[in-house]
Amino acid sequence: LQFVIFVCIIIFGIWGINKLWHSLTDLNIFKVSPSTFSFHIPSWVTTRFSDDIKNVAALNEQYSMYENNLTQRIANVYGGVVLIKKVDLIKKTFPNRLNIKLVLRTPAAIVRSGNNTYLVDDECILLPKEYYTLPNAEYDTLCIQSNKLARLPLYGSTWNDKGIKAGIDLV
């Protein structure tokens with residue numbers, strides 16, 4: 001009989017500690033939201049970028065700091081964004097902050113064809129120009145002029161044009 005009571009107390013104790021843990025980790029103080037993320041934005045990126053990076057569709061509205069693989073899941077989401085070359089660091093800072101360090105794609109050249117202007121990075125990835133401040137001394141050094149370009153790729157895709165690749169190789 002004493003053994004049964006002992007086992008019941010142990011089981012009840014484990015159950016109680018588990019419930020207590022889940023109720024404590026579910027408090028709002030341990031929640032983080034993409035809308036509260038802060039990023040150090042370089043001067044050559046527009047304010048639209050800082051707004052859009054907080055509203056990536058694949059992000060949840062709120063995350064618990066105790067979720068399994070939280071940093072990896074957020075890194076995977078941001079790794080798929082066109083303007084982000086790589087996610088350098090995501091670190092939890094308790095109770096409710098994430099330190100996120102992103103490496104952004106920097107335009108290496110401006111491509112001009114007729115009246116059209118495009119931006120490409122050092123890997124010939126086509127970048128959406130609405131996120132970059134033009135003109136800017138940090139990346140306006142190379143201009144590739146062409147009357148005949150290979151088919152325009154989607155943003156975030158490699159532009160397979162020999163002339164553009166040759167121009168980028170000069171950088």
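Which residues have the most contacts inside the largest nonpolar core? Let's find out, starting with the kind of model this is.

## About the model

This is a predicted model, in which local features need pLDDT of at least 70 and side-chain atom pairs count only at pLDDT 80 or more, while totals for chains, interfaces and linings use all residues. Residues are numbered from 1 along each chain as its sequence is written, and side-chain values use heavy atoms, with hydrogens and water left out.

The predictor's confidence in each residue, from 0 to 100, is called pLDDT. Its mean for the protein is 86, and 95% of the residues reach 70 or more. Confidence is lowest in strand β8 (residues 143–145), with a mean of 81, and highest in strand β7 (residues 126–127), at 94. Helices (H or I, at least four residues) and strands (E, at least two) are DSSP runs, numbered from the N terminus.

## The nonpolar cores

Back to the opening question: Phe37, Ile74, Tyr78, Leu98 and Ile100 have the most contacts inside the largest core, which has 30 residues. The elements giving two or more residues to this core are α2 (47–53), α3 (70–79), β3 (84–93) and β4 (97–104). Helix α3 supplies the largest share, five residues. A nonpolar core is a set of buried Ala, Val, Leu, Ile, Met, Phe, Trp, Tyr and Cys residues joined through side-chain atoms within 4.5 Å. Buried means under 20% relative accessible area, exposed over 50%, and partly exposed in between (1.4 Å probe, protein chains only).

Now look at Leu98. Beyond its neighbours within four places in sequence, Leu98 is in contact (heavy atoms within 4.5 Å) with residues including Val32, Phe37, Met65, Leu70 and Ile74.

## Lysine 31

Lys31 sits in strand β1 (residues 31–32). Why does Lys31 count as buried? Because its relative accessibility is 18%. The side chains of Lys31 and Asp26 are joined by a polar contact of 3.0 Å. Such a contact is a pair of N or O atoms within 3.5 Å; within protein, one must be able to donate a hydrogen and the other to accept it, and residues adjacent in sequence count only if both atoms are side-chain atoms.

Strands β5 (residues 109–113) and β6 (residues 116–120) pair in the antiparallel sense over five bridges; pairing requires at least two bridges found by DSSP. Ser113 stands opposite Asn116 in β6. Two residues lie between the strands of this hairpin, where Gly114 takes a positive phi near 65 degrees.

Strands β6 and β7 are also antiparallel, over two bridges, and Val120 has Leu126 in β7 as its bridge partner. Their hairpin has five residues between the strands, and Cys124 in the turn has a positive phi of about 60 degrees.
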